[in-house]
Amino acid sequence: MDRILSELVKNFRMELDDTNEVPYGNGHINETYVVGHKKRYILQKINTNVFRDPEAVMRNIEAVTAHLRRRVAEEGGDPDSATLTIVPTTDGRSFYRASDGAYYRAYLFIENAVCYDQVENVEQLYHAARAFGRFQKRLADFPADSLAEVIPHFHDTRDRFRQLQEAIKADRAGRVSEVLPEIAFAMEREGDTGVVLDAIADGSVPLRVTHNDTKLNNVMLDTKTGEGVCVIDLDTVMPGSLLYDYGDALRFGASSGAEDEPDLTKIFFRLDCYEAFTRGFVEELGDTLTAKEKALLPFSVRLMTYECGIRFLTDYLNGDTYFRIHRPRQNLDRCRTQFRLVSDMEAKVGQMTEILHRYI
Ligand code: ADP
Ligand code: GN1
Ligand code: MG
C-alpha cells in the first residue's frame, strides 16, 4: 500500500498533516484504511471481485449521497456527518484508478461516532433501527430506476440457493463431505426461499430503494448520546424490499455472539434485541408498511439469516473467494452461527410475532 498511498494522497483532495495509513474496521468486502490525524479520511480499495463495475457503484453513491444531503439539509441537520461525504480526486471524480489498476475512493471520516461489531446494550439496536428507518424515508422519493443493479439478484434467496447447489456439484475445494449436515439444513428449508420474492411479484410487498447491507457495523452511533448519526457502506443501495433491511439488521444485531463464533453453545437469538430494533423501526416507518410487509417482518429475519448462512456455506465450498477470511474455516463457522440462529428463530416464532404486535 505504501507506494500506492503516496499516489493516492496526491490524487485526492485531502488536507493531510500526517500521511500514515492504518487498516481500519471489520468489513468483509473492501479494504479500508484511515489517513490523517487532525483531519481524518477513510480510504478504500473497492473490491472488484465483488463489484464488477466499480464506476457504476460510485455513480450510485454519488446520486444517493447527493439526495441524502439535500434531505438532511432540509431537516436542518449537518450533511457532512449525517451522510457519507465523497472526497473528490484532483480532477473532480469520485474514484481514482491507481497505477496498480485498482479503484480507490475517499470519504470524510465521521468523527465522534462509532460502529459496533457486537451489541453492548439493546438501546444501540433501537438507535440503529431509527437510523436505518430515517435512511429509508429519506430515499423514499429517490428515482429507483436510475440506480445500477451493482450485484444482480443480491437478495434473491432462490438464486442464492441455486448458487449453493452449483457449489455442491462443483465441489471446487473438495469440502462437500465435511459439511453434509449444513447442506442438509439448507436443503430442508428450500420452501422458504421464494416467500418474499413471490410477495414482491404479486405486488403485496413493494420494491423500494433499500440499503441491503444493514449490519450494525454499517451504521455509526454518536459516541456520547448513542443516537444514530450516519448510515454508511452504501455500495449495495439498490431497489429491494424493506424486509431485507429489517431482517438483515436483526440477523446480525440480535445474535448473542460474533458472526464467526466457533462455540455454538454461545449463539442464540436475542428477543430483547429484536424488541428494541422493532420498536425503533416501527416508530420511523410504521405508517408506510403494507399489511403484507408487517406480516412478514418476523419471517424476514429468519430468511435473511438463512440466506446469509447459505452464502457463507457457498463461499466455503468455493474455496473462500468472496468474503474475506482471517483464518481457515471461518466461513464455515459463520455459516454455522447463521443456521444456529435460524433454528432458534424457528423455535421463537410465536414470541417474535407477539413482540411485533406490541408495536404494530
Ligand atoms: P465493507 O464494505 O468492507 O464492509 P465499509 O464501508 O463498511 O466496508 O467500511 C468498513 C468499516 O470502516 C466500517 O464498518 C466502519 O467502521 C469504518 N468506516 C467506513 N466509512 C467510514 C467513515 N466515513 N467514517 C468513519 N468510519 C468509517
Ligand atoms: C458483507 O461489506 P460488509 O462486511 O458490510 C456482505 C453482506 C453480508 C455481510 C455478512 C457486498 O457485508 O451482504 O450480509 O458481509 N456485503 C456484500 O457479514 O456482499
Ligand atoms: Mg461494511
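Before I count anything, the term: a salt bridge here is a side-chain nitrogen of Lys or Arg within 4 Å of a carboxyl oxygen of Asp or Glu. By that rule there are three salt bridges between domain 1 and domain 2. Please keep in mind that this is a predicted model.

Now the domains themselves. The assignment for the protein chain places domain 1 at 2–111 and domain 2 at 122–359. Taken over C-alpha atoms, their centres are 26 Å apart. Domain 1 puts 28 residues into the contact, and domain 2 also puts in 28 residues.

How much area is buried between domain 1 and domain 2? The figure is about 2,400 Å², with carbon and sulfur atoms giving 59% of it. On the domain 1 side, three residues stand out: H28, N60 and V64 supply 26% of the area that this domain buries against domain 2, more than any other three residues.

Next, the polar part of the boundary. Between the two domains, 13 residue pairs are in polar contact, with both residues at pLDDT 80 or more. Which helices supply at least two residues each to the side of domain 1 that touches domain 2? They are helix 2, residues 54–74, and helix 3, residues 79–82. Helix 2 gives the most, with 11 residues on that side. By residue class, the side of domain 1 that touches domain 2 divides into 13 nonpolar, 11 polar and four charged.

Back to salt bridges, with two individual pairs. R138 forms one with E75, and the closest N and O atoms are 2.8 Å apart. For the whole model, the count by the rule I gave comes to 31 salt bridges. Another pair is E284 with R130, where the closest N and O atoms are 2.6 Å apart. E284 lies in helix 9, residues 271–285, and R130 lies in helix 4, residues 122–138, so this pair ties together parts that are 154 residues apart in sequence.

Taking the pairings in turn, strand 7 and strand 9 run antiparallel and are joined over two bridges. Within that pairing, A113 stands opposite D222 in strand 9. Strand 9, residues 219–222, is joined to strand 10 by three bridges, again antiparallel. Here L221 has G228 in strand 10 as its bridge partner, and V219 stands opposite V231 in strand 10.

Definitions and conventions
Residues numbered from 1 in each chain as written. Chains lettered and ligands numbered in written order. Predicted model: local features only at pLDDT ≥ 70, side-chain atom pairs only at ≥ 80, totals over all residues. Heavy atoms only, no water. Domains from an automatic or database assignment. Contact = heavy atoms within 4.5 Å. Buried area = accessible area lost by both parts, 1.4 Å probe. Polar contact = N/O pair within 3.5 Å; in protein donor to acceptor, adjacent residues only side chain to side chain. Helix = DSSP H or I, 4+ residues; strand = E, 2+ residues; numbered from the N terminus. Nonpolar A, V, L, I, M, F, W, Y, C, P; charged D, E, K, R; others polar. Pairing = 2+ DSSP bridges.
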